[in-house]
Amino acid sequence: MTAQLFYVLLDGKPVLADVAEWAGFLDHMPRQNVIAHQYVNGVSISTIFVGIDTGNGPYFETMIFGGIYDRDQWRYPDIERAKAGHEAAVKLVESYENAQ
C-alpha cells in the first residue's frame, strides 16, 4: 500500500507537508483551501484544494451540489486548471438553468 502524501497551498502552489501541517492548514484557516465558490439559482459550485496525493499528485476538485448535476465532480492537477474547470462548471449549470 502506498503512503499518502499531504500538501498545503502556499501562494497557489502545493507544498509537501506532514499530516499535522496539512490538518492545521485546514483547521486554522478553513477557507484558504477554497479556490472558488458560487451559487447559480440555488445550486452550489465549489472548487477546493484537497491537498492529498492518492497516487496522481495533490489535486484540486470542483463539485456541484444541487440541481440536475448534484455531486458531479472533476479533479485537476493545478490551480490554473481548477479555476478554468470551476468556470466551466458554472457555465454548465447556467446553461441548464437558462434552458428551463
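Biologist: Which residue is the bridge partner of Tyr39 in β4?
Modeller: Keeping in mind that this is a predicted model, the partner of Tyr39 in β4 is Ser44. The strands β3 (residues 34-40) and β4 (residues 43-53) run antiparallel, and six bridges join them.
Biologist: And how many residues sit between the strands in that hairpin?
Modeller: There are two residues between β3 and β4, and Asn41 in this hairpin takes a positive phi near 50 degrees.
Biologist: New topic: which residues make up the largest nonpolar core?
Modeller: It has 11 residues in all, including Tyr7, Val8, Leu9, Phe25, Phe49 and Phe60. Both β1 (5-10) and α2 (79-99) supply at least two residues each, and the largest share, three residues, comes from β1. A second, separate core has seven residues, among them Val40, Val43, Ile45 and Ala89.
Biologist: How many aromatic pairs does the structure hold?
Modeller: It holds four. One of them is the tilted pair of Phe6 and Trp22, with 4.9 Å centre to centre and 45 degrees between the planes; Phe6 lies in strand β1 and Trp22 in helix α1 (residues 19-28), 16 residues apart in the chain.
Biologist: Why does Phe6 count as buried?
Modeller: Phe6 counts as buried because its relative accessibility is 15%, and buried means under 20%. Trp22, at 16%, also counts as buried.
Biologist: What about Phe25 and Phe49, how are they arranged?
Modeller: They form an edge-to-face pair, 6.2 Å centre to centre with 85 degrees between the planes, which links helix α1 to strand β4. Together with Phe60, Phe25 and Phe49 form one aromatic cluster.

Terms used: Residues are numbered from 1 along each chain as its sequence is written. This is a predicted model: local features need pLDDT of at least 70, side-chain atom pairs count only at pLDDT 80 or more; totals for chains, interfaces and linings use all residues. Side-chain values use heavy atoms; hydrogens and water are left out. A nonpolar core is a set of buried Ala, Val, Leu, Ile, Met, Phe, Trp, Tyr and Cys residues joined through side-chain atoms within 4.5 Å. Buried means under 20% relative accessible area, exposed over 50%, partly exposed in between (1.4 Å probe, protein chains only). Helices (H or I, at least four residues) and strands (E, at least two) are DSSP runs, numbered from the N terminus. Two strands pair if DSSP finds at least two bridges between them. Rings of Phe, Tyr and Trp (its six-membered ring) pair if their centres lie within 6.5 Å; planes under 30 degrees apart count as stacked, over 60 as edge-to-face and the rest as tilted.
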